[in-house]
Amino acid sequence: MSEKNREGKRTARERLAEERAKQKTVEKRRRALIVGASVVCVLGLAAVIGIVAANAGKDDTESSGPVIVPSGANGEDSLAIPAGKTGAKSTLTVWEDFRCPACKSFEDAYRSTIHELTDAGQLKVEYHLATLIDGNMGGSGSLKAANAAACAQDAGKFTAYHDTLYENQPAETDDAFAEDAKLIDLAKKVDGLDTPAFRSCVEDGTHNSWVVKSNEAFQKGGFSGTPSVLLNGKNIYQDQTMTPAKLKQLVQENAKG
């Protein structure tokens, strides 16, 4: 074989080796880009998940106005709306969300018993309002309904309007309570509530910041959800044996003691 042919074959081998080396380099870069992009996607997804988790249970509607406490609200930071006689020996603390189906179920089952006991002066109730469903499902119906209930408290009609809201609660996914017109229309079911003052309070969101503060207290309270119901500090909603009749018995026994 001539020297010229040997040189040509070496050159060809070198060119082939160089081409393979280039291909390997390109492949490494391609893999690096894929891995890098995957990491970015994972980090981006994690960030989104973190944001969603951070906002779970929070209101979509921001409220930056002054905290205006409803008339007669009491307790820590004036976040409780009272019902019943202050001298009653038993206290029922109720954390509720007007969009919460489980809260409606509780109210439907226990409403008449609670009214009977409060009317008899044996039980006082402290209502705390939360906006859990707004955070979980989106919307502002929990906030708007709670503000409207606080407006009803200003008019001395909280209990009747509270009951009306639960009796007319929309489906959990239906944010009907976000409409002022709906809340005002329901006020017509309560004698003497549909007034210019009530309408203005609802439309202006007078107690929105107070509701937000109440919901913050709920989130910090370590509760598992709504409703959370405590009788003299003991969580009775988690008691599987609890019934309206048992609640009545406990309250009446405490009244005698």
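**Cysteines.** I'm working on a predicted model here. I looked up Cys103 and got a relative accessible area of 0%, so I have Cys103 down as buried. Cys100 comes out at 4% relative accessibility; buried means under 20%, so Cys100 goes in as buried too.

Next I wanted the disulfides. How many does a search of the whole structure find? I got 1. Cys151 and Cys201 form that disulfide, and I noted 2.1 Å between their sulfur atoms. Where do the two cysteines sit? I find Cys151 in helix α4, residues 141-154, and Cys201 in helix α7, residues 196-204. They are 50 residues apart, so I wrote the pair down as linking distant parts of the chain. I also checked the hand: the link of Cys151 and Cys201 is left-handed, with -80° about the S-S bond. Buried or exposed, for Cys151 and Cys201? I have both down as buried.

**Helix α7 again.** While I was there I looked up Asp204, which is also placed in helix α7. Asp204 has 56% relative accessibility, and the cut-off for exposed is over 50%, so I count Asp204 as exposed.

I traced 5 strands in an open sheet, and I read the order as β1-β3-β2-β4-β5, with mixed pairing. Which strands stand at the edges? Those are β1 (81-83) and β5 (234-235); each has a single partner strand, so one side of each lacks a neighbour in the sheet. What packs on the sheet? I found helix α8, residues 208-220, touching β1, β2 and β3. The direction of helix α8 makes about 100° with that of β3.

Then I went back to β1 for its pairing. β1 and strand β3 (residues 123-129) run antiparallel, and I have 3 bridges joining them. One pairing I wrote out: Ala83 has Val125 as its bridge partner in β3.

**Thr93.** My last stop was strand β2, residues 90-96, where I found Thr93. Thr93 has 15% relative accessibility, under the 20% cut-off, so I marked it buried. What is Thr93 in contact with, once neighbours within four places in sequence are left aside? My list for Thr93 reads Glu126, His128, Ser228, Val229 and Leu230.

Terms used:
Residues numbered from 1 in each chain as written. Predicted model: local features only at pLDDT ≥ 70, side-chain atom pairs only at ≥ 80, totals over all residues. Heavy atoms only, no water. Disulfide = S-S within 2.5 Å. Helix = DSSP H or I, 4+ residues; strand = E, 2+ residues; numbered from the N terminus. Buried < 20%, exposed > 50% of the residue type's maximum accessible area, 1.4 Å probe, protein only. Contact = heavy atoms within 4.5 Å. Pairing = 2+ DSSP bridges. Axes fitted to C-alpha atoms, helices over the stretch in contact; angles between N-to-C directions.
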